[in-house]
Each structure stands twice: as C-alpha cells, then as structure tokens.
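These are my notebook entries on one protein model. I record what I looked up, entry by entry.

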Amino acid sequence: MVNKYARQDKRDRNHEEIVSALNKYGFMVWNIQRPVDLLCADRSFFCVEIKYEKGVKRPVQIDFETSCRAMNLPYYVVRTVKDVEGIYHERYTDIEIDSVL
C-alpha cells in the first residue's frame, strides 16, 4: 500500500543549510512542512518555502502564498543562503549584514 502522505517527510537538498542560515541571522525557525516548509519569526511571523535551484511550487503552495499575501503575512521562497541574507536585509534595512555573521 502506498502512503499518500509520504511526501511530507521529503525535504529539499538545501533544507538544513537554509535553516542554519536563518538561525545565524537570529530568526526563530519551526519546521512545519505543511502548508509551507518553515514558519519563522523575529519581530513578527513569516513563512518560508525552501526550493532547490530548479524546484517549482505545487498548486497548494501557490494557493497558500496567495492567502499569505492577502493577509499581509510575509512569504518567501528561498533557494540559497543569499536569499536568507535578502530576507534579513529586507526586515532589518537599518543594520549592516556583515555585523551579523
């Protein structure tokens, strides 16, 4: 019998690297996997969908992103550590990135 939920445990190859980078920048991170890979927080909550270089969002992920944006909940698709730096820069524009790492 095939487990229709087996995909829930599948993580992108860059998952641990991205989580580590988020932690280094001081974000709290929860691996929730559904409906988005990560729930993160600093001064407020935001969602992170991790994709490897050529990964594409599934329809349910696109729907969830649309819902987040409609509620002004920040939603990011992250492929690299540079993307994490971009999140930090967006959320803390008044702080130098070099001072963190």
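**Entry 1. Overall layout**

In what order do the elements of the protein run from the N terminus on? I read the order as α-β-β-β-α-β-α. I note that the model is predicted, that local features need pLDDT of at least 70 and side-chain atom pairs pLDDT 80 or more, while totals for chains, interfaces and linings use all residues. Residues are numbered from 1 along each chain as its sequence is written, and side-chain values use heavy atoms, with hydrogens and water left out.

I find 3 helices and 4 strands in the protein. Both are DSSP runs numbered from the N terminus: helices are H or I with at least four residues, strands are E with at least two.

I then looked up burial. Buried means under 20% relative accessible area, exposed means over 50%, and partly exposed lies in between, with a 1.4 Å probe and protein chains only. Of the 101 residues in the protein, 36% are buried.

For contacts I use heavy atoms within 4.5 Å. Among contacts with a separation of 6 or more, 50% come from residues 24 or more positions apart.

**Entry 2. Helix α1**

Which residues of α1 are buried? I list His 15, Ile 18, Val 19, Ala 21 and Leu 22. They cover an arc of only 160 degrees around the axis, and therefore sit on the same side of α1. The arc is that of the directions from the helix axis to the C-beta atoms.

The face turned away from the buried side of α1 carries the exposed residues Glu 16 and Lys 24. The cover over the buried residues of α1 includes β1, β2, β3, β4 and α3.

I also checked Asn 23, which lies in α1 (residues 15-24). Asn 23 counts as partly exposed because its relative accessibility is 44%. From Asn 23 to Cys 40 the C-alpha distance is 9.7 Å, with the two residues 17 apart in sequence. After α1 comes Gly 26, whose phi is positive, near 90 degrees.

**Entry 3. Helix α3**

Thr 80 caps the N-terminal end of α3, with a side-chain oxygen 3.3 Å from the backbone nitrogen of Lys 82.

**Entry 4. The loop between β1 and β2**

Asp 37 lies in the loop between β1 (28-31) and β2 (38-41). Asp 37 is buried yet has no salt bridge, and the nearest side chain of opposite charge, Arg 34, is 5.5 Å away. Here a salt bridge is a side-chain nitrogen of Lys or Arg within 4 Å of a carboxyl oxygen of Asp or Glu. For charge, Lys and Arg count as positive and Asp and Glu as negative, while His and the chain ends are not counted. Leaving aside residues up to four places away in sequence, the residues that Asp 37 touches include Asp 12, Trp 30, Val 48 and Glu 49.

Pro 35 is in the loop between β1 and β2. The peptide bond from Arg 34 to Pro 35 is cis, with omega near 0 degrees.

Gln 33 is also found in the loop between β1 and β2. Gln 33 has a positive phi of about 65 degrees although it is not a glycine. Gln 33 is buried because its relative accessible area is 11%.

**Entry 5. Asn 72**

I found a positive phi of about 60 degrees at Asn 72, which is not a glycine. Asn 72 sits in the loop between α2 (59-70) and β4. Is Asn 72 buried or exposed? Asn 72 counts as exposed, because its relative accessibility is 72%.

**Entry 6. Cysteines**

How many disulfides are there? Taking a disulfide as a pair of cysteine sulfur atoms within 2.5 Å, I count 0 disulfides. The cysteine sulfur closest to that of Cys 40 is in Cys 47, 8.1 Å away and so too far for a bond. Cys 47 is in no disulfide, as the nearest cysteine sulfur, that of Cys 68, is 4.1 Å away.

I record Cys 40 as buried, with a relative accessible area of 0%. Cys 47 is buried with a relative accessible area of 3%.

Conventions. A polar contact is a pair of N or O atoms within 3.5 Å; within protein, one must be able to donate a hydrogen and the other to accept it, and residues adjacent in sequence count only if both atoms are side-chain atoms.
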